[in-house]
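Good morning, and thank you for making time for this item. I would like to take the group through one structure, moving from its pockets and cavities to its strands and loops.

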Amino acid sequence: MLNLDKNSIKLGATAKDKSDAIQQVGRLLVDTGHMKPEYINSMMAREQVANTYLGNGIAIPHGLPIDRKFIVETGISVLQLPAGVEWNPGERVHLVVGIAAKSDEHIEILSNLTHVLGDEAAVQQLARTTDPLDIITTLTNPTARVNDDMPVEPDFAKAIDVTISGKAGLHARPATTLVNLAKEFQSEVRIRYGNQTANAKSLVSLLKLGVEGGQTIRLMAQGVDADRALQTLKAAIEAGLEEEEDAPAAVTLGRALSFETKPIVGIAASPGVAIGPVYQLRRGKLVFEATAPDPATEERRLRQAIESAKAQLQNLYEEVKAKAGAGKAAIFEAHQEFLNDPDLQQAAIDQIHQALHHAQAHSSAPWAWQQAYEQRASALEKLPDPLLAGRATDLRDVGRRVLRLLATRVEDEPQLPNNPVILIAEDLTPSDTAGLNPALTLGFCTAYGGPTSHSAIIARSLDIPAIVGAGPAVLNVPDGTDCILDGESGNLYPHPSEADLATAKTAQADLQAVRQAEKLACYQPAILTDGHRVEVVANIGAAAEAEQAVNAGAEGVGLLRTEFLFLNRSEPPTEAEQLVAYIHMTRSLNGLPLIIRTLDIGGDKAVPYLNLPAEENPFLGVRGIRLCLQRQDLFRTQLRAIFQAAQTGPVKIMFPMIATLEELIAARQIAEEVRADVGTDRVDYGMMIEVPSAVLMADEFAKEVDFFSIGTNDLTQYVLAMDRGHPVLAKQADGLHPAVLRLIDQTVQAAKAHGKWVGVCGGVAGEPLGATILTGLGVTELSVSIPSIAAVKAKLRSIAFSEANALAQRALRCRTAQDVRALR
Ligand code: PEP
Ligand code: MG
C-alpha cells in the first residue's frame, strides 16, 4: 500500500489551463523524488492519446508506459483547484491526481478514488478542504473502500477466468486499454472479481474493482460476438495489456518548431515532419446494377463476397499485428465481427428476395448490401455516444470492402502517384491506413477524425507523421502543392517559405539522428564494462515475431514456444505447416540462432482437440515432454519438421519439463531416430531446467546435453509449491526468491564442470535486476520478451561483471525474495 503524505498535496492552487495543472501536479511528484522532470512531458503526451478525466471533477494524469524509465518510485500527488480548470470542453476538474506508477502499488488509492467519485458531496468537500489530512484519509484509508455499494450483477453464461499478468494490476493505463478493447465488441462484457462485477466498457467501473497484478478475474460476455470478445480480451490481458505501448514509441524532437508560413491547423496525430507535394486521395466510385433477375444467384454472390472480405480482413489483421501488435490490429477482428452479424446479412438477403413491384426483377446483391449497411451506419451515426457513433465509419469501411467485391467496375479509381506524397483525405478508414505504403507516404492529413481514431493509432505505429481533423479547407489544397506537415504541432503549411523549408529539413535530420542513436543502442551487444559478454535473445511465440525480435536488437531466439502452432485450431498442424513456420523464422533470423522448444502443452495450456483426460493436478500431470513421450505421433511429426528446418539455419532443440534422466534419454533417442530417418546433420540438444529434480541431478544431465535453459517461471512454482497462476499465491512465487537463485547457482556450477553453457528464459531474465543477478551467477544467455531486449542490454552495458557477481553473491545470501529485490 502506498503512502501519501502532505508534501504530495497542494491545496488551494490555481491553474491557467490543463497543461499548467499537469505541470504543477507533475512538479509535486518530481519534488518528492518520485519521478524525473521528463515524465511531465510524458503526462502531456498521454493527453493526446487518452482522456484522463475520470468524472465528477477528478482527473488522473499519468504518463506513457514507454517513459516509465523516468519514474524513480511509484507515487501519487494531488493538486486541489477550488476554482477548477477545464480539462476537456465541458469538463471541469477540481482534483488533479497525478500518477507515476512503476507497477500497481497505488491501485488501492485509485480504487478508493473511484468510490468517492459517485459521491458528489465528498468530492466537493475534498475540492475545498483546507486540511490535507482529509484527502489523505479518503484516498488511503482502507475503510473508505466500500465495495458493498457495487451492484452484484448476475453472471453471463459465457465466461472465462484469466489472471492479470505481471506486476500491473488494473490501474488506469491497463484498464483504459481493456475498456477500449471491450468497446470494440457489441456484446455486453462484464468482469467479476470476487463478489463484485464491473462493466468492462466503463473505466470507472473497472477501476472500482481495484484488481491487483497476479489476481484472477472472470471475463463474461453476452451477445453476438461474445466468444470473440472473450478470446480477444483474454489474449490482451495475458499479453499484459500494455504490450502495444511498450513497443518503441515514435521518436519526437521534444521541441516545438516555428514557421513563418500561415498554417492550416489540425490535430497532431503522429509526430514527425514531412516535406513534399500533396495528393488528394478520393475514393473511386463503385458501379453496379441495382437489379438482377435471379435472387438465388445474388444471395450466393453476397455470401461469397462476405466470405472473401472476411479472408481479406484476416490477412490484414495478421499483417498489422506483425507490424504494429495485436491491439492495433484488433480493429480488423472487430471488422470481421460486423460481417458475422446475422441480422446485417439477413437484412440484405431479405431485400434480395423481395420481388420488385413492377417487374420480375429483384434487388441485386450489391444494391441490397449497400442498403443494409448504410441504414445501420446512419443509425449508429446518430447515437449520442461518440464512440458508438464512430463505429459508423468502421461499418462503412467493412461495407465498402464487400461492395467492392460485388461491383462490376470502379470508376475514377485514384491512381496513387509513384513518387512520395503527403496524402490528404476527408477521412481515412483503418483499411486505408493499413494499406498505405510507408515508402510512398510522407505523411497524411485528414479533414475529419480525431487523434484516437484507429487511423491515427496505426499511423503512429507505422511511424508516418500525421494530422487529423484539419477541417474541409484542407481538401481545397490542389494536388502537387508543396507543403510541410508538422505532426507534432498538427499544422500543415502549404507553399512554405525557403526559410521554413530549411527549418523543416534540419528538424528531419535531427529526428533521423535521434532515431539512429536509439537504434544503434539496441543493436549494440550486451558487453559489460569489463568486456564480459552476455547474449541477449528473445522469447517468441509466433512466426512473425522472429523478425520483430531481430529489429528490436535480439541476437537470436532463445525460446520458441511452439505451442502457438497447436492452439486455436481443430487438429494438430501437419509436418508441412510446421516446416513452413520454422523456415519463416530461420529466414527472418538470417543466421542468428533459433532454439526450438518441443511441444509443451498440458498444465495450463489446454488443447481441446487432443482430448486429453482431465487431471486433478495438471501442473503435476502429463505435460511437456511427458505428453510427447506418450503421444509420439505429435512428437515425431514436430521433430521431422524441426530437423528439416535445421538445414536452413542454426537450429537447436530443447526439451521442456524434464524431471528424470529417463525422460531426457527417451526424448533424445526418439529425436535421433527421427533424424536418422530424415537424414540430416546433428543439432545441439538442450533441456529446460524447470523441475527441482533436474537441478539436483544437473551433474548427470549436463553429461547428456549441450546446454541448459532455466525456465524460472516453472522452476519457481515447483520449488515454492505455488501455482504460477494462483490468484493469491502467484504474487509470492517470485523468480528472484533466494531458493530459486540457489538452484540456478547450483545448475550453473554443474554445467560449468562439464563445459556446458546455461541460459535463462523465464520472466526474471527480462527484469534489469534479474538480468544483473543472473549474469553475476554465470548465466551467459538471457532470453527475454521482445520489449525487454533494449533495456536488458542497456543495463548490462552499464555494469562490470565483478559488480554483477558481487550482487549475485549477496542475493544468494538473502533470506527472502523481498530482501533480494531491495538489493541495489
Ligand atoms: C518457464 O517455465 O520459465 C518458461 C520459460 O516456460 P513457459 O513459461 O513457457 O512455461
Ligand atoms: Mg515452463
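Let me begin with a question: how many nonpolar, polar and charged residues does the lining of the second largest pocket have? The lining of that pocket has 16 nonpolar, eleven polar and twelve charged residues. Please bear in mind throughout that this is a predicted model.

I shall stay with this pocket for a moment. The volume of the second largest pocket is about 1200 Å³. Its lining comprises 39 residues, and those nearest the centre are Leu281, Arg283, Arg400, Thr429 and Asp432. Several elements each supply at least two residues of this lining: helices H10 (295-324), H13 (365-381), H14 (386-406) and H15 (430-434), together with strand E17 (421-425). Of the contributors, H14 gives the most, with eight residues. In terms of domains, at least three lining residues are drawn from each of domain 3 (264-282 + 414-520) and domain 4 (285-411).

Strand E17 also takes us to a sheet. Eight strands form an open sheet with mixed pairing, in the order E10-E21-E20-E12-E17-E18-E19-E11. Strands E10 (264-265) and E11 (267-270) stand at the edges with a single partner strand each, so one side of each is left without a neighbour in the sheet. E11 runs antiparallel to strand E19 (residues 466-468), and three bridges join the two. Within that pairing, serine 270 stands opposite alanine 466 in E19.

The phi of histidine 495 is near 45 degrees, which is a positive value in a residue other than glycine. Is histidine 495 buried or exposed? Its relative accessibility is 60%, and histidine 495 therefore counts as exposed.

Methionine 657 is found in the loop between strand E26 (651-655) and helix H22 (661-678). Here the relative accessibility is 1%, so methionine 657 counts as buried.

I turn now to the metal site. Which residues coordinate the magnesium ion, ligand 2? The ion is coordinated by Glu690, through OE, and by Asp714, through OD, at 2.0 Å. Glutamate 690 lies in the loop between strand E27 (685-689) and helix H23 (692-696), whereas aspartate 714 belongs to helix H25 (residues 712-720); the pair therefore ties together parts that are 24 residues apart in sequence. With 2% relative accessibility, glutamate 690 counts as buried. Aspartate 714, also at 2% relative accessibility, counts as buried too.

A search of the whole structure finds four cavities of 30 Å³ or more. The largest cavity holds about 80 Å³ of space. It is lined by 13 residues, and the closest to its centre are Arg561, Arg597, Glu690, Asn713 and Arg724. E24 and H25 each supply at least two residues of this lining. By class, the lining of the largest cavity has three nonpolar, three polar and seven charged residues.

Strand E24 leads us to its partner, E23. Strand E23 (residues 533-540) is mostly covered, with six of its eight residues buried. E23 runs parallel to E24 (residues 557-561), and three bridges join them; asparagine 539 stands opposite leucine 559 in E24. E23 also pairs in the parallel sense with strand E30 (residues 781-784), over four bridges, and there valine 536 stands opposite leucine 782. With strand E22 (residues 526-527), by contrast, the pairing of E23 is antiparallel, over two bridges. Isoleucine 527 stands opposite arginine 533 in E23. The hairpin of E22 and E23 has five residues between the strands, and in it glycine 531 takes a positive phi near 90 degrees.

How many of the nine residues of H27 (residues 768-776) are buried? Eight of the nine are buried, and the helix is thus mostly covered. The buried residues are Leu769, Gly770, Ala771, Thr772, Ile773, Leu774, Thr775 and Gly776. Just after H27, glycine 778 takes a positive phi of about 100 degrees.

Thank you for your attention.

How values were computed:
Residues are numbered from 1 along each chain as its sequence is written. Chains are lettered from A and ligands numbered from 1 in the order in which they are written. This is a predicted model: local features need pLDDT of at least 70, side-chain atom pairs count only at pLDDT 80 or more; totals for chains, interfaces and linings use all residues. Side-chain values use heavy atoms; hydrogens and water are left out. Donors are N, O and S atoms within 2.8 Å of the metal (3.2 Å for Na, K and Ca); water is not among the atoms, so sites may look incomplete. Buried means under 20% relative accessible area, exposed over 50%, partly exposed in between (1.4 Å probe, protein chains only). Two strands pair if DSSP finds at least two bridges between them. On a 1 Å grid over the protein atoms alone, a cavity is a set of points where a 1.4 Å probe fits but cannot get out, and a pocket is an open set with protein on both sides within 12 Å along at least five of seven lines; lining residues have an atom within 4 Å of a point. Grid points are joined across faces, edges and corners, and a volume is the space filled by probe spheres set on the points. Ala, Val, Leu, Ile, Met, Phe, Trp, Tyr, Cys and Pro count as nonpolar, Asp, Glu, Lys and Arg as charged, and the others, Gly among them, as polar. Domain bounds come from an automatic or database domain assignment.
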